[in-house]
Amino acid sequence: MSTASPQHEALLSLRDVHVSFPGRRRRARTEVLKGIDLDVRPAETLGLVGESGSGKTTIGRAILGLVPVASGTVTFDGERIDTATAARRRALSRDLQVIFQDPYTSLNPSLTIGDTLAEPLIAQGGEARATRARIAALLDRVRLPADAAHRLPREFSGGQRQRIAIARALALRPRLIVCDEPVSALDLTTQRTILDLLLEIQEETAVAYLFVSHDLSVVRTMSHRVAVIHEGRIVETGEAARVTEAPEHPYTRTLLLSAPVADVAEQRRRRARRAAAAAAESAPSPDC
Amino acid sequence: MLRFVARRLVSGAVLLLVISLLSYLLLSIPDNDVGRQLLGQSADQSAVDARNAALGLDRPVLVQYFDWLAHAVRGDLGTSWFTSEDVTQTIANRLPVTISLMLGVTLVTAVVSFLLGVWAGVRRGAADRFVQVLGVAGYALPGFLVTLILVLVFAVKLGWFPAIGYTPIEESPGGWLSTITLPVASLSVASVAGVSQQVRGAVIDVLRQDYIRTLRARGLSMPRIVFKHVLRNASAPALVLLGLQFIGLLGGAVLVEQIFGLPGIGGMTVSYTARGDVPVVMALVMLTVVGVVLINLLTDILIGWLNPKARVS
Amino acid sequence: MSEANRGVWGVDPPQGTRMSESVQGAAAARRRGAFRRLLRNPLGAASLLLLALLVLAVALAPVLAPQGPQTASLGDAFAGASGAHPLGMDSAGRDILSRILYGGRNTLGGAVLSVAIALLLGVPSGLFAGYYAGKFDSAATWVANLVMALPAMVVLLASRAILGSNPWILMIVLGFLVAPQFFRMVRGIVADVRGEPYVDAARVSGLPDVRIVARHVLIVVRGPVIIQVALVAGLAIGLQAGLEFLGVGGGATATWGAMLNEAFQNIQRAPILMLWPGLALGATSGALVLLATALRDALEDRAGTPAAARPAERRAAGEAEAGVAGGERAQLLSIRGLAVAYARPDGTDAEVVHGIDLDVRPGEIVGLVGESGSGKTQTAFSVLGILPDGGRVSRGSIIVAGQEVAGLPEKRHRRLRGTTVAYVPQEPMSNLDPAFTIGSQLVEPMRHVVGLSRKQAAERALELLRMVEIPEPEQVLRRFPHQISGGMAQRVLIAGAMSCDPELLIADEPTTALDVRVQADVLDLLRRLQAERGLGVLLVTHNLGVVADLCDRVAVMNEGRIVETGATDRVLRDPQDPYTRRLLDAVLDDAPPRAPWRPVEARSETA
C-alpha cells in the first residue's frame with residue numbers, strides 16, 4: 001500500500017516503520033514494529049486496534065519520539081520527524097500531543113492541576129498572565145471547575161483526571177493527539193462521557209486523533225478509519241463501517257466475534273459463528 | 001549453571017588482577033624508606049641501600065609488582081618487610097579465627113533475624129513495634145560501642161566470659177565457646193538489627209501479594225502459607241543484605257578482634273597497615289577481594305535458587 | 001504493593017495509593033506541613049534539640065570548656081567530679097569535659113566532611129544514571145556495587161598506609177566509600193520516576209530535560225536524601241570513632257574514639273571513664289538515626305502511627321437479623337443483609353457494602369455486575385472469608401452449602417475453602433507464586449486440604465490441566481509461572497480452583513486482564529466446566545458482554561447496594577432500575593460506526 005489517502009494530503013505519515021527493543025541479557029533484539037504504514041489526515045481520527053503486545057502503543061510512542069525508530073520514516077506536515085533533534089522535538093510539541101491510558105500515573109501527584117496544565121505553556125515560553133487565562137479556559141473546556149487549578153490530582157476521580165490530561169494535551173492547540181487507550185482504565189459510564197468530550201473537541205478544533213485501543217466497539221464509534229494491528233504489522237485498514245462490519249482479514253474477524261456483546265440472543269449467535277469459524281480453521285487457539 | 005559460575009569466577013579473577021595492580025601502585029606512592037626504618041636513623045647509608053636491594057625495592061615499581069604477582073599466583077605471598085614472617089603462613093594461621101567469628105555471626109544473624117522479621121511481619125501490632133525499635137537501636141549505636149558495653153557488663157562486672165584472649169577449638173571446645181561468645185554477640189547486634197528489618201519489610205510485602213490470597217482461598221492454612229510461600233519469596237532481599245553484612249563483618253572483625261585480643265586477620269590489620277608493610281597489606285587486600293567475589297557468587301546462586309525468574313542458564 | 005492494594009479494596013483509592021505516590025511520600029504540598037509534623041513528633045523534636053545543643057556546645061568549646069583539651073596534671077589522674085571539673089579527670093589527669101567538647105569538633109566536623117563528599121559524588125551521578133540510563137548508568141552502578149562490597153574499615157586502614165594518617169583525609173576517603181549509598185538510592189528513585197507517564201507527558205509538552213529533572217525528579221528525591229544524610233552521618237561518626245579507637249588518625253588530638261580507647265585501657269581500674277565519651281557518641285549517633293526515622297514519618301505523613309490493624313473481628317451475625325430479609329433461600333449460596341465494613345485508623349468503621357441479598361443455586365451462573373467501588377469484590381471476599389486486614393462482615397448472613405459462614409471461626413471457614421467454595425482471581429500472573437512450579441502449586445492444596453498422596457495428587461494435576469485444555473500438560477507442570485502466557489496462567493488458576501472438587505466457584509473478573517480472543521476461550525471453558533459438573537458460579541464482572549455470554553441471572557450492584565436482580569435476558573433487555581439503564585446506555589455495542597472522514601477546510605482557532 002502506498003498511501004491510504006490518495007486524494008488528500010496526510011498530516012501524519014508512517015512509512016515502513018520498524019522499532020525494536022534490546023533483548024534482555026545478550027539475547028537478540030526483539031522487533032516490535034515490523035514495517036508500519038499509516039496515514040492520518042487533518043481532523044481525522046484513525047483508530048488503531050490490537051491486542052496486548054501487538055505494538056499498538058509503541059506506534060504512538062514512536063510518533064512522539066519517546067522510542068527511537070530503527071528504520072522507516074515518520075512525516076508530520078511534510079517534515080520528517082523521526083530524525084528530529086531534541087530542540088526540534090520540543091518545538092514539535094506545539095503540534096503533537098498525547099493522552100495516556102492511566103489517569104493515575106500520567107499526572108504528577110505532587111503538582112497542582114494548575115502547575116501541570118502550565119507545563120506545556122511554560123515550555124513554549126508563555127507569559128504568566130496569558131498562561132493563567134489559558135488554564136482557566138482549558139478547565140472550562142473540559143468542564144472542570146476553575147478552582148481545580150489549585151488542587152492536587154488525588155482529589156479527583158479517574159474520569160476527572162482524564163479530563164485534566166485532555167486539557168493538558170489541548171493547551172498548545174495541537175494538530176494531532178495520540179490517544180493511548182484513553183478510556184481503558186475508566187468505568188463504563190465515565191468512559192462514555194470522556195469519548196463524547198473528545199468528539200466535541202474534534203468538532204471544534206479540527207484536531208486529528210490517533211486513537212489506540214484494544215476495544216473494537218470504542219474504536220468503531222470514535223474513528224473515521226480503523227487500522228488493525230497484529231504482531232507488529234497492520235493487517236487491515238479501512239473505513240470504520242467496512243472494517244467492523246465486513247472485515248477482510250481472518251484476524252479481524254476473530255477479534256470481532258470474540259468480543260462479547262450485552263445481548264443474550266445476539267451473543268449466542270456470535271458464539272455459534274465463532275465456534276463454526278474455529279472448526280473451519282481447526283487451528284489450535286493461538287494462546288496455547 | 002556451571003557456565004555462569006565459571007564466568008563469574010573469571011570476572012572475579014580479572015577484578016583481583018586489576019585491584020592488585022592498583023593497590024600495589026598506590027602503596028608504592030608514599031616514599032617509605034623501608035631500609036632506613038628497619039635499620040634506624042644511625043645506620044650507614046650503604047647498609048640501608050643494601051637492605052632495600054635485598055627486599056627488591058631498588059627495582060622499578062612495575063617490576064616489583066610482576067615479581068609479587070608471579071609468586072602470588074603460586075600461593076607465595078612473600079615475607080613481611082618488618083617481621084620477616086611468611087605472609088601465607090601467617091594468614092593461614094589466623095584465618096580460622098576470623099572465619100569462625102564471621103560464620104558464627106552470620107548464623108546467629110540469619111536465625112534470629114528471620115524469626116524476628118517473620119514474627120513482626122505476620123503479627124504486626126506490638127511485635128512489629130518491638131522489632132522496629134530494636135532495629136533503630138541496633139542501627140543507632142556504633143558497633144564497637146556495643147562491644148565495649150558488652151565487655152563492661154558481661155566480662156568486667158558479671159565476669160561470665162573472659163574479656164580478652166582466645167582458646168582454639170581443638171584445645172577446648174568449651175573454652176573456645178566462652179571466648180567466642182562475646183565477640184559473636186557484639187557483632188550480631190547490628191547485623192540482626194539490619195537484616196530483621198529487611199525480613200520484616202519483605203514479609204509484609206509478600207503478604208500483600210495476590211497469590212497469598214489465592215492460596216488462602218484454596219484452603220491452605222496461614223502457618224503453611226507463611227512458612228512455605230512467604231518465607232521463600234521474602235528471603236531473597238534479606239539474603240542480599242546478609243551477604244553485604246558478611247562482607248561488612250570483615251571491618252567489624254578488625255575492631256572486635258582488637259578489643260578481645262583474638263589472633264585473627266582483623267587484629268593484625270591495624271599494626272601492619274600502619275607501618276606500610278606492603279606484602280602483608282597486599283595479602284589482606286587480596287583476601288578481602290576474594291571474600292567479596294565468593295560471597296557475591298554464593299548470594300547470586302542462592303537467589304537464583306529462591307527466585308526462578310532471576311535464574312540464569 | 002499498591003496494585004495489590006487496589007485489588008484488595010476493589011475501590012478507586014481516594015488517595016491513589018500507587019507506587020509513584022508512595023515514592024513521592026515527600027510530595028510538595030505535604031512538605032509545608034512536614035517540618036511542623038517533625039517538631040510535633042516527640043522523638044523528632046527531642047533528637048533535633050539534642051543535635052542542636054551538641055553542635056552549639058561543640059562550637060562554643062573554647063568558651064565552655066574549663067581548660068584546654070591537652071592540659072594535664074598527672075597528680076589529678078582519675079580524679080572524680082568536682083566543681084572545676086564537672087565530669088572528672090582521665091588517666092592522664094586531663095579534664096574530661098574539655099576533651100569531650102573539643103573532641104566533638106573533630107567528630108562532627110569529620111562527619112560533615114564525609115557527608116558533603118558523599119552527597120557531591122552520589123546525588124548528581126545518581127540523578128544522571130537514573131535519568132539517562134545507558135552506559136554511564138552501567139559503569140556507575142558497577143563501581144557503586146564494587147565500593148559497597150568493600151569493607152569500609154579495611155579500606156580505610158589500607159588507605160591510611162597510602163595517604164598517611166591525617167584524620168581529615170581519612171574522612172574524605174570515607175566520603176567516597178559512603179557515596180554509593182546516595183548514588184543507589186537516588187538512581188533507584190529517579191529510574192522509577194523516569195518510567196512514569198507524567199514524565200513522558202512532560203517530554204511531550206516540550207520541557208527540556210533539565211527542567212523535567214528540576215520539576216518532577218528533584219522533588220521526589222529531596223525527602224529520601226535528607227533522611228539518608230542523617231543515617232550516613234551516623235554511620236560516618238561510628239566509623240570515625242572506630243578508627244580513632246584503634247588509634248588510627250588523630251594521634252594526640254582529643255577525640256571521642258581516642259577517649260574510649262583510653263577508657264578501655266583502664267577498664268578494670270576506672271570503667272566510669274567510658275561513660276561520657278560513650279554517651280556522647282551514642283547520643284549523637286542515636287539522635288541522627290531517630291531524626292531520620294522521625295523525618296521519614298513526617299514526610300510520609302503518618303505522624304501518628306495508624307491504629308494497629310485490628311484483627312478481623314468476627315462478630316457473630318445476629319441470627320434474628322438474618323431472618324428479617326425475606327425470600328426463599330438458595331441451597332448453595334444465600335446471602336441476606338450482608339454488610340462489609342473496614343476499620344478506619346481513627347477507630348470508626350467505613351461500610352462499603354450496605355446489606356445485600358444474593359442467591360446462587362446449584363448449577364446456576366449468577367453475574368454480580370458493577371463499576372469499581374461498587375462493593376462487588378468485597379461481597380465475593382466475604383463469602384470466601386478472605387477479606388483483607390481491617391475488613392469484616394459487620395452484619396447479615398452468608399450460608400454456603402447449608403453452613404452459616406458469617407462469624408465462623410477462621411479454622412472452620414478454611415475447611416470450606418477449596419473443597420466447597422473455590423476462587424478464580426482477576427490477574428492471572430500475580431496470583432501464581434513466582435517461586436514454585438505450576439505442578440507444585442496445583443499439588444499442594446490437594447495434598448494438604450484433601451489429603452491425597454503425592455502420586456495421586458500428581459496424577460490429578462495432570463488430569464486437571466487436560467481438563468482446562470492446556471496442551472502438553474506434562475511440560476507445563478514443570479514450568480514456572482513466568483514461563484507461561486497470561487491466558488495459560490488463567491487456565492492453571494481455574495484448574496487450581498477445580499482441584500478439590502468445589503460446589504461453588506467464585507470468579508472475580510476472571511477475564512478482565514485477558515485479550516478478547518483469550519477471554520472468549522476462557523468463557524467457553526467456564527461454561528463447559530459448569531455444565532459438566534453442575535457447578536454454581538458467582539461471576540463478578542464489570543463487563544455486560546461477559547454477563548450476556550455466561551450468566552443465567554444477574555445482580556447489578558452500585559455503591560454497596562444491589563439495585564436490580566433478575567434473569568439476564570430480562571435485565572439486559574428491559575432494565576427497571578435507572579442505574580442499570582445508565583450502565584446499558586454506556587455500552588457501545590449498538591452504537592453506529594463513525595461516518596467516513598470529510599476534508600475540513602479551515603482549522604478553528606478556538607479551543
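This is a predicted model: local features need pLDDT of at least 70, side-chain atom pairs count only at pLDDT 80 or more; totals for chains, interfaces and linings use all residues.
**View 1. Four strands of chain C make an open antiparallel sheet.** Their order in the sheet is 2-1-4-5. Strand 2 (349–360) and strand 5 (403–404) of chain C are the edge strands, each pairing on one side only.

**View 2. Strand 4 and strand 5 of chain C run antiparallel.** Strand 4 covers residues 391–400 of chain C, and two bridges join it to strand 5 of chain C. In one bridge, C:V400 is partnered by C:Q403 of strand 5.

**View 3. Strand 6 of chain C is covered on both faces.** This strand spans residues 421–424 of chain C. C:V421 and C:Y423 are buried on one side, and C:A422 and C:V424 are buried on the other. Strand 6 pairs in the parallel sense with strand 7 (residues 504–508) of chain C, over four bridges. C:A422 has C:L505 of strand 7 as its bridge partner.

**View 4. Chain C is divided into three domains.** Domain 1 consists of 43–64 + 91–300, domain 2 of 318–416 + 504–588, and domain 3 of 421–501. The C-alpha centres of domain 1 and domain 2 of chain C are 55 Å apart.

How values were computed. Residues are numbered from 1 along each chain as its sequence is written. Chains are lettered from A and ligands numbered from 1 in the order in which they are written. Side-chain values use heavy atoms; hydrogens and water are left out. Domain bounds come from an automatic or database domain assignment. Two strands pair if DSSP finds at least two bridges between them. Buried means under 20% relative accessible area, exposed over 50%, partly exposed in between (1.4 Å probe, protein chains only).
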